[in-house]
Amino acid sequence: MMPDFSAGYGLLAVVVIVSLLAGSGADAQLWPEFYATSCPKLQGVVRSVMAQAVRRDPRMGASILRLFFHDCFVNGCDASVLLDDTPTMAGEKNSGGNANSLLGYEVIDAIKARVEATCRSTVSCADILALAARDAVNLLGGPAWTVPLGRRDARWASMAAANANLPPASAGIDDLVARFAAKGLSLRDLTALSGAHTVGAAKCSKFRRHVYNDSNVDPAFAMFRRRICPAAGGDARLAPLDSTSPNRFDVSYYRDLMARRGLLHSDQELFNNGPADELVRLYGANGNAFDRDFAAAMVKMGGISPLTGGAGEIRINCRKSN
């Protein structure tokens with residue numbers, strides 16, 4: 001029987017239990033009870049640190065979720081995104097899509113320190129990141145789900161792989177579909193996972209061309225965002241991806257898309273007379289459908305090419321290999 005994650009997750013959160021036996025797509029070597037004996041307090045520790053981090057700054061929830069996405073899309077969910085560069089390795093942190101952009105490393109460090117104090121050399125950084133991403137979503141009002149566990153950590157990272165695999169904000173729908181399909185993710189998964197942009201923010205440099213040049217943008221919205229993002233300069237200025245409820249994990253992102261108020265070109269591509277339009281309409285009208293599909297897609301994404309068994313290692317410090 002699957003464990004009940006509803007305890008301690010808040011009455012306002014919709015709890016979605018995703019059964020691995022129902023074809024979730026997660027790697028068969030991963031299972032929720034992996035640490036049941038070796039580190040039984042693991043999930044409580046992760047939850048506690050994440051609750052403190054999100055309470056201190058709700059935007060940190062979006063940052064941790066983004067870390068997980070960017071980890072899984074580059075050589076699988078192996079915590080390679082957490083590795084610092086070395087004299088012999090140019091890692092993922094300074095790739096084009098991550099440099100001066102990814103946040104939350106210190107939160108993962110804090111969780112790892114607490115876990116190591118409880119269960120020495122037992123829990124991977126990859127599994128900690130997967131659990132932290134789930135808790136980030138739930139703490140912001142989104143669903144919870146059962147996280148399959150048993151990943152191990154990569155010993156190396158690749159800037160070139162990050163540059164090649166992370167979808168850019170300028171991506172069109174065909175490019176997005178192809179990139180997700182290459183990871184074993186469907187159009188439905190793509191559309192649901194993009195709903196993560198209901199929280200977080202983007203830099204002016206990532207949305208400038210969309211609000212200045214694209215024709216599928218509400219004119220009033222474009223004008224509003226141009227006040228934050230000038231035609232030249234101000235590249236680091238931030239705007240919320242979801243202007244309606246930027247710190248709440250809900251379906252307003254999809255409603256924004258239907259009103260042509262997507263902040264990024266890649267966001268608005270999901271609702272632009274294309275293959276994802278009907279899914280956007282579904283999620284915008286049905287929060288339960290979104291919660292269900294998002295949770296299922298997160299489990300599926302979390303099963304992308306994990307290191308298991310004797311592969312990889314269990315890092316003591318998430319920033320460097322042992």
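Reader: Which cysteine does C125 join in a disulfide?

Author: In general, a disulfide is a covalent bond between the sulfur atoms of two cysteines. In this predicted model, C125 is joined to C318, with an S to S distance of 2.1 Å. The torsion about that S-S bond is about -100 degrees, so the disulfide is left-handed. C125 belongs to helix 4 and C318 to the segment after helix 13 (287–302), so the pair ties together parts that are 193 residues apart in sequence.

Reader: Is C125 buried or exposed, and what about C318?

Author: The cut-off for buried is under 20% relative accessible area. C125 has 0% relative accessibility and therefore counts as buried. C318 is buried too, with a relative accessible area of 2%.

Reader: How many disulfides does the structure hold, and what pattern do they follow?

Author: There are four disulfides. Counting bonded cysteines along the chain, the pattern is 1-4, 2-3, 5-8, 6-7. One of the four disulfides joins C39 to C119, S to S 2.0 Å. Its S-S torsion of about 80 degrees makes the C39 and C119 link right-handed. C39 lies in the segment before helix 1 (42–56), while C119 sits in the loop between helix 3 (105–118) and helix 4 (125–139), so this pair ties together parts 80 residues apart in sequence. Both C39 and C119 are buried.

Reader: What is the handedness of the link of C72 and C77?

Author: The sulfur atoms of C72 and C77 are 2.0 Å apart and form a disulfide. With 120 degrees about the S-S bond, the link is right-handed. C72 is buried, and C77 is buried as well.

Reader: Now helix 13. What span should its 16 residues have?

Author: The expected span takes 1.5 Å times one less than the number of residues. For the 16 residues of helix 13 that should be 22 Å, and the end C-alpha atoms are 22 Å apart, which agrees. At the start of helix 13, a side-chain oxygen of N286 comes within 3.1 Å of the backbone nitrogen of N288.

Reader: Which residues of helix 13 are buried, and what covers them?

Author: Among them are F290, D291, D293, F294, M298 and G302. The cover over the buried residues of helix 13 includes helix 2 (59–72), helix 4, helix 7 (187–193), helix 10 (252–258) and helix 12 (277–285).

Reader: Where does UniProt place the feature "binding site"?

Author: The UniProt record, an unreviewed entry, places the "binding site" at P167. Such annotations may be inferred rather than shown by experiment. P167 is found in the loop between helix 5 (159–165) and helix 6 (173–182). At 30% relative accessibility, P167 counts as partly exposed. Leaving out residues up to four places away in sequence, P167 touches F73, L176, R179 and F180.

Reader: And the protein as a whole: how many helices and strands does it have?

Author: The secondary structure comes to 13 helices and two strands. The radius of gyration is 19 Å, close to the 20 Å that the globule rule gives for 322 residues, so the protein is as compact as a globular protein of that length. Its C-alpha atoms fill a box of roughly 55 × 45 × 35 Å along the principal axes. Buried residues make up 52% of the 322 residues. Of contacts between residues at least 6 apart in sequence, 76% join residues at least 24 apart.

Methods
Residues are numbered from 1 along each chain as its sequence is written. This is a predicted model: local features need pLDDT of at least 70, side-chain atom pairs count only at pLDDT 80 or more; totals for chains, interfaces and linings use all residues. Side-chain values use heavy atoms; hydrogens and water are left out. Helices (H or I, at least four residues) and strands (E, at least two) are DSSP runs, numbered from the N terminus. Buried means under 20% relative accessible area, exposed over 50%, partly exposed in between (1.4 Å probe, protein chains only). Contact means heavy atoms within 4.5 Å. A disulfide is a pair of cysteine sulfur atoms within 2.5 Å. A polar contact is a pair of N or O atoms within 3.5 Å; within protein, one must be able to donate a hydrogen and the other to accept it, and residues adjacent in sequence count only if both atoms are side-chain atoms. The radius of gyration is taken over C-alpha atoms; the globule rule is 2.2 Å times the number of residues to the power 0.38.
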